[in-house]
Amino acid sequence: MGCRFIALNDGVDTIHKNNEMLVILKNVMNDLYARDTSSKIRAVKQSTFRTGKYVGCYAPIGYRKSPADKHILEIDPVTAPVVLRIFDMRLQGDSFRKIARTLNEEGVPSPRGFYYMAEGRPNLRGETPYWNDVTVKTILRNEVYLGHMVQNKTGTVSYKVHKQVSKPKEDWIKVEHTHEPLVSQEVWDAVQRLDNHPSKGRSDSDGEISLFADVFYCADCGSSMRILKDYRSRKRHEDGHYGTYKAYMCNRYGSGGKVACSMHYINCKVLTKLLLLDIHAKAMLAQNSPAVLKEKNLAQKNAASLEQTKALQATLAVVDKRLAELEKLVVAAYEDKVKGVMPEALCVQLMNRYEDERRGKLEQRTQLTAQLEATQEDEQATDEWLAVIRDYAQLEELDRPTLLRLVKRIEVGEKYEIAGETHRDIKIYYNFVGYVEL
Ligand SMILES: [Zn+2]
């Protein structure tokens, strides 16, 4: 391909005469060449990622590279307790900054500190020996501690721009269960949930985290639901304990009164029962007719159906084929002109036409790819949800880890009457898929 470039310098064309033509030709050649080499380099790197082999310079804290194979991570008995402690402190409600401060005060080395200690050499590059909120946060969000390998997190912007940037999450390459996990899925989920919400109002007056904290919201004003100790809780049981009769009300109503919102009162036990019913119903469906549930869910997301996906893929293949043709046509037209087979005016006309079509096709390609990716994501999310929810058909008691594993958000509407009957709309948004209407 390189030899064709010579034609650009053969002196037949002068820049001012053929500017237009040269610009088109250069565009096409650049795209062809760059896409080719950079995709080859990327492919090699990414295929290593896909095997789940660790390729980083040093192991994440808590792990070390296995002496037998430096691409495999094993638990590091020296640093693993530090990681476990960080997850523990977070679960107890400590902020990233407070965790960092505690570790610094106790003289626990930072990840880099540990690294240089293990290497037995001084930290000459002056990398920080202290913990900070970012180091802590990075650890709490690193799925490596679940036993998964997540790589390809950074890279260059494109083959044209070489700056290193964080890549969007969709591009990360994750291989599950490549090594021994340090934390359980439950601990992980609970910690991630905390990450998404500040710790405000999470515990009731007993100091325990309320079951629905950070999950339960007023459908009308969007504010969180506040725990309301019902008057009955003042009753003492015979053993001297106060009752645990709890209810929720809209927080905005609680602080702003009737003008701000309405009460949205709901008893905690009633809410738990309704939630269990919904979970049971969906779990049964997931067991008995997963295909129906999946199709329904995708339809609600406006995701392309299986047939539509096939059609999209077919269109994309056609576009790709035409793009390759157009690139060849541009080059061929130019070669014909250089050989004198084609008059210059005609060549310019042709190349302009090809280039117009090429731009259109490139645009179309971007749109098609985005559409396909969105559909694939929805499909994958639904599959993951089905795999999780199906195990909960017999769930009898709802504890917080289970709730957080299953549910992202619950919204309660105000009571209303239809034909003398009281109704109340409760929307449950599940993890992975959101609201699922049956
Ligand atoms: Zn409200």
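Is Cys268 buried, partly exposed or exposed, and how many other C-beta atoms lie within 10 Å? Cys268 is partly exposed, with 19 other C-beta atoms within 10 Å, on a scale where a residue is buried if 20 or more other C-beta atoms lie within 10 Å of its own, exposed if 12 or fewer, and partly exposed in between, the C-beta atoms being placed from the backbone. This is a predicted model, in which local features need pLDDT of at least 70 and side-chain atom pairs count only at pLDDT 80 or more, while totals for chains, interfaces and linings use all residues. Residues are numbered from 1 along each chain as its sequence is written.

**Overall make-up**

- The protein has 13 helices and 15 strands, where helices (H or I, at least four residues) and strands (E, at least two) are DSSP runs numbered from the N terminus.
- Of the 438 residues of the protein, 21% count as buried.
- Among the contacts in the protein with a separation of 6 or more, 59% come from residues 24 or more positions apart, two residues being in contact if their C-beta atoms, placed from the backbone, lie within 7 Å.

**Surroundings of Cys268**

- Cys268 lies in helix 9, and, leaving aside its neighbours within four places in sequence, Cys268 is in contact with Lys246, Ala247 and Tyr248.
- Cys268 and Lys246 are separated by 22 residues in sequence, yet their C-alpha atoms are 5.5 Å apart in space.

**Helix 10 and its packing**

- In helix 10, which spans residues 290-300, the buried residues are Leu293, Asn297 and Leu298.
- Seen down the axis of helix 10, these buried residues fall within an arc of 130°, so they line one face of the helix; the arc is that of the directions from the helix axis to the C-beta atoms.
- On the other side of helix 10, the exposed residues are Ala291, Val292 and Ala299.
- The buried residues of helix 10 pack against helix 9 (268-288) and helix 12 (344-389).
- Helix 10 and helix 12 pack at an angle of about 140°, with their axes 10 Å apart; axes are lines fitted to C-alpha atoms, for helices over the stretch in contact, and angles run from 0 to 180 degrees between N-to-C directions.
- Helix 10 and helix 12 are therefore oblique to each other, given that angles under 35 degrees count as roughly parallel, over 145 as roughly antiparallel, 65 to 115 as roughly perpendicular and the rest as oblique.
- The crossing of helix 10 and helix 12 is right-handed, a crossing being left-handed if the near helix is turned anticlockwise from the far one by less than a right angle, and right-handed if clockwise.
- The contact is made by Pro290, Leu293, Lys294, Asn297 and Leu298 of helix 10 and by Asp378, Glu379, Thr382 and Leu386 of helix 12.
- By class, the residues of the contact of helix 10 with helix 12 are four nonpolar, two polar and three charged, where Ala, Val, Leu, Ile, Met, Phe, Trp, Tyr, Cys and Pro count as nonpolar, Asp, Glu, Lys and Arg as charged, and the others, Gly among them, as polar.

- Thr135, Val136, Ile139 and Leu140 are buried in helix 6, and they cover an arc of only 130° around the axis, which puts them on the same side of helix 6.
- The axes of helix 4 (residues 96-105) and helix 6 (residues 133-140) come within 8 Å and cross at roughly 110°, which makes helix 4 roughly perpendicular to helix 6.
- Phe96, Arg97, Ile99 and Ala100 of helix 4 make this contact with Asp133, Thr135, Val136 and Lys137 of helix 6, and the contact has four nonpolar, one polar and three charged residues.
- The axes of helix 3 (residues 80-91) and helix 6 come within 10 Å and cross at roughly 95°, so that helix 3 is likewise roughly perpendicular to helix 6.
- Val83, Ile86, Phe87 and Arg90 in helix 3 meet Val136, Ile139 and Leu140 in helix 6, and the residues of this contact divide into six nonpolar, no polar and one charged.

**Positive phi in loops**

- Asp214 has a positive phi of about 65° although it is not a glycine, and Asp214 is placed in the loop between helix 7 (185-196) and strand 7 (216-218).
- Asp214 is partly exposed, with 19 other C-beta atoms within 10 Å.
- Ala419, a residue other than glycine, has a positive phi near 50° and is placed in the loop between strand 12 (416-418) and strand 13 (421-423).
- Ala419 is exposed, with 5 other C-beta atoms within 10 Å.
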